[in-house]
Amino acid sequence: MPISSTGSSQAAAAAESELERWELLIDGAWSITEREVVVYFDPAPDLERRARAWKYELPAFGLSDLAVLGAALAQAEADAWYHDEGHIATRALEDRRFLLGDRLLHWAVPWLAEQGTDSALEAMATLLMLGEEHRPSPLLSGIEGIFAPGEDSYGPVGRRPLDSIWCGAWIPKGADPLQHLAVARERWNHFVAAYPGSARLWNDLAARAGQAPT
């Protein structure tokens, strides 16, 4: 059933409101990349594919660069609703959800949590809020068929190197890793309850932070 004109206007307004949150991340000029935090995975080919689908070329792969893509998708959704192009609007909405769940939340939130500045905490809160709106990674009652045996949302559970978020936290150079992991585990357990839209990620990080690094 086609969405009503009133519904289209409301959906467009919601997308424009979300655009403002993406702009907060752009303004932070965060150049940190997923590869720097995860270390053992290069997201470039996937990000290029996602951007190319919208005839856009990412200048770089930092957090704020990805926020530019998120903002562009929010604007694309709003414009599509205004032009009664629901199929394009829905696609733009879905692509933002996948961008959040696949290429942003899992590494950017842990990195921002360790920065200790007001701007970083604001950016982290913005990402978590977007996660609640899109719910890209809820904690489902069962995970059979979601991940391969022996894996979680971050990959093989047996791989927990200290120089990667795979250990359960982003650990600054020179920091006490065990102390950071203990603090991070408490944080992630809190996030599981506080942010159900992305709870699967924090549940998996809490489990990794509670095990000995490899």
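Which helices each supply at least two residues of the lining of the largest pocket? They are α2 (34-38), α5 (86-103) and α9. This is a predicted model: local features need pLDDT of at least 70, side-chain atom pairs count only at pLDDT 80 or more, and totals for chains, interfaces and linings use all residues. Residues are numbered from 1 along each chain as its sequence is written, and side-chain values use heavy atoms, with hydrogens and water left out.

View 1. The largest pocket holds about 470 Å³ of space. A pocket is an open set of points on a 1 Å grid over the protein atoms alone, where a 1.4 Å probe fits, with protein on both sides within 12 Å along at least five of seven lines. Its volume is the space filled by probe spheres set on the points, joined across faces, edges and corners. The lining has 21 residues, and G101, D102, F147, S153 and L201 lie nearest the centre. Lining residues have an atom within 4 Å of a point. Helix α5 gives the largest share, 5 residues. By class the lining has 12 nonpolar, 4 polar and 5 charged residues. Nonpolar covers Ala, Val, Leu, Ile, Met, Phe, Trp, Tyr, Cys and Pro; charged covers Asp, Glu, Lys and Arg; the others, Gly among them, are polar.

**View 2. Helix α5.** Helices are DSSP runs (H or I, at least four residues), numbered from the N terminus. The 18 residues of α5 should span 26 Å at 1.5 Å a residue, and the end C-alpha atoms, 25 Å apart, agree with this. The expected span is 1.5 Å times one less than the number of residues. Buried residues of α5 are A89, A92, R96, L99, L100, G101 and R103. Buried means under 20% relative accessible area (1.4 Å probe, protein chains only).

View 3. W188, F191, Y195 and W202 form one aromatic cluster. Rings of Phe, Tyr and Trp (its six-membered ring) pair if their centres lie within 6.5 Å; planes under 30 degrees apart are stacked, over 60 edge-to-face, and the rest tilted. The count by this rule is 7 aromatic pairs. W188 and W202 are stacked, 5.4 Å centre to centre with 20° between the planes. W188 lies in helix α8 (residues 177-194) and W202 in helix α9 (residues 199-209), so this pair ties together parts 14 residues apart in sequence. W188 is buried at a relative accessible area of 0%. W202 is also buried, at 0%.

**View 4. Arginines over rings.** R91 lies over the face of W54, 4.1 Å from the ring centre. R159 lies over the face of Y40, at 4.9 Å from the ring centre. A charge sits over a ring if NZ of Lys or CZ of Arg is within 6 Å of the ring centre and within 35 degrees of the ring normal.

**View 5. Helix α7 and its end.** The 17 residues of α7 (residues 118-134) should span 24 Å at 1.5 Å a residue; the end C-alpha atoms are 24 Å apart, which agrees. Its buried residues are A120, A123, M124, T126, L127, L128, L130, G131 and H134. Just after α7, R135 takes a positive phi of about 50°.

**View 6. R21 in helix α1.** R21 lies in α1 (residues 5-27). At 15% relative accessibility, R21 counts as buried. R21 and A71 are 50 residues apart in sequence and 8.3 Å apart in space, C-alpha to C-alpha.

Conventions:
Buried means under 20% relative accessible area, exposed over 50%, partly exposed in between (1.4 Å probe, protein chains only).
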